Amino acid sequence: MSEQVIHFTVNGARQERRVATHRRLIDVLRDDLGLTGTKEGCSVGVCGACSVLVDGEVISSCLLPATYADGTSITTVEGLASDGELTPLQDAFITEGGFQCGICTPGQLITASALLAAHPRPSDEQIDEWMMSNLCRCTGYHGIRRAIHKAAAV
Amino acid sequence: MSGFAYHEPATWSAAQDLLRAEPDAMVLAGGTAFTLLLRQGLIRPTTVISLRRVSGADGILADSHGGLWIGAMVTHTAVVRSPIVRASWPEFADAAARVATLRVRNQATIGGSVAHADPASDVPVMLAALDAQVIVRKPNAAPRVPIDEVLVDTFTTSLAPGELIESVQIAGRGPNTRAAYLKFTLRSVDDYATVSVAARAEVVDGTVRAPRIFLGAVGARPMRARSVEAALADGARSRDFADAAALVRSDVDPITDVRGSAEYKREMARVFTERALRALVS
Amino acid sequence: MKLSHRASVAAPAERVWAVVMNVPTAAKCMPGVAAVDPLGPDRFKGSLLVQIGPVRLVLDGEVVIVSRDDAARKASLKAEAKDTRLGGTVRATIDVALSEGPSGCEMRIDGDVQIAGRIGEFGQPVIQRKSEQLLAQFAQCLGRTAAA
């Protein structure tokens, strides 16, 4: 009785999973589905490293009960590229120095993807507003901003 | 940590039936505060009832007078983006936009925020200034309760076991009604407020009347700035604001913590109350 | 965490002192106290239930009167309790002092509370506020009991 069957889509693939009710979405993604691209940084929803898209919205997977994935369509960083082709955003992160150690990068890409979906040609202010809660200790954020502008220009 | 029995009732009455059967059950809205408390080991629920599938709980409606009806399961993001909210009370949308991060706003709900009653959170303080009414679902009634009667103490509402928050209502504004929400954060924009001020008043030609002012993060609940309101009651102008704002020091009861000493917070309460008054007339 | 409470009680200091030093009677004034049983001359065990929103603590522990000066009406107590549900410890030293006041007596309660483990996760501000609330209710009730 302390387990729940959930149905959801991850990166386009349908999933049916029986999960213990106390678990979080990040637990299911990393431990059950092996999608370790999503990182657990702070565990309290502040750093953004665990960002995923749930029905197109950016969510901290460390804060979402796994049961809340039922009926949703989830995109993790692994689901951005298609058939091995990186998205213009991912390419831009490489060419514009949008990452160094890489730990925050999956979260940055997820949030930036949502930003570009909502605002295809974002201003600096829009970029800062959207990206401000994906923390990066390495880059100083300028590379991230450049990468987003470059991807927007494509 | 272990699992708990989990339910997703499809209607309010199904949720109430479940609560009657399991009075110790925890009720879940967006799940942000719940997940944090669970992970910290501070709660050990045996039964959890989620409201995420309750039909109609996430609606936003306006009445013919510009009043708003906001369902308990409406997310902060939905409020921020809602043209209905923006048409009636854009200041409320602005307050919701100040909460935490984009991700928390996408998940956390208005009803959950009221039920959680964190004195440092933004939405309850703003709702108090706007004199919002909470529709409380009781076993056989659904009365409207003024929100400042619902928010009684730190993490404590007036709701009895088995009662649920169904929605909040904000009455429509008059042609001269102004409102403002000011949030003072020390360390980062997405932090809890060190002090916040929510204000509503009638403003005509730079004269403030009938102010309603609440402060967040400086007491066990949103604190009403009664001394300030009294000083402004007869119609106050900009030159009166500094003296009136200084009275807020006796209306607040802050605690020394990582965000500052009690004395510092009292002083910031004064500063931001004055700024809020100026924002109302600007 | 330091706590402090001052209260004026409309009862003679002698009566208030008698109530305060009768630990099982005084304990009934603490909201959430379940049972207080003597373990020895100045030693008691008891249970305290504290609720902060959705969080319930059940603190099981002991209170010891470490020193008392009946003439000066001063006492020092030590309390130690464990939370059986969540896992955590509370240790407190509490100093009580009574003095003659204008309409009865003045009561001073000063405490130093150390919190370890899970309970500490709640954050100092919340714990402090709750502790001060409990202390205020405790002092008010002591006063009423003594004045009755």
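Trainee: Which residue stands opposite B:Val134 in S7(B)?

Mentor: B:Val145 does. Keep in mind that this is a predicted model, where local features need pLDDT of at least 70, side-chain atom pairs count only at pLDDT 80 or more, and totals for chains, interfaces and linings use all residues. Residues are numbered from 1 along each chain as its sequence is written, with chains lettered from A and ligands numbered from 1 in the order in which they are written.

Trainee: Why are strand S6 (residues 133-137) of chain B and S7(B) called a pair?

Mentor: Pairing takes at least two bridges found by DSSP. S6(B) and S7(B) share three bridges, so they pair, in the antiparallel sense.

Trainee: What makes domains 1 and 2 of chain B count as touching?

Mentor: Contact means C-beta atoms, placed from the backbone, within 7 Å. Here 12 residues of domain 1 and 17 residues of domain 2 take part, so the two domains are in contact. On the domain 1 side, H1(B) gives the most, with five residues.

Trainee: How many residues of chain C are in contact with chain B?

Mentor: There are 15, facing 14 residues of chain B. Helix H3 (residues 124-147) of chain C supplies the largest share of the chain C side, five residues. A helix here is a DSSP run of H or I with at least four residues, a strand a run of E with at least two, numbered from the N terminus.
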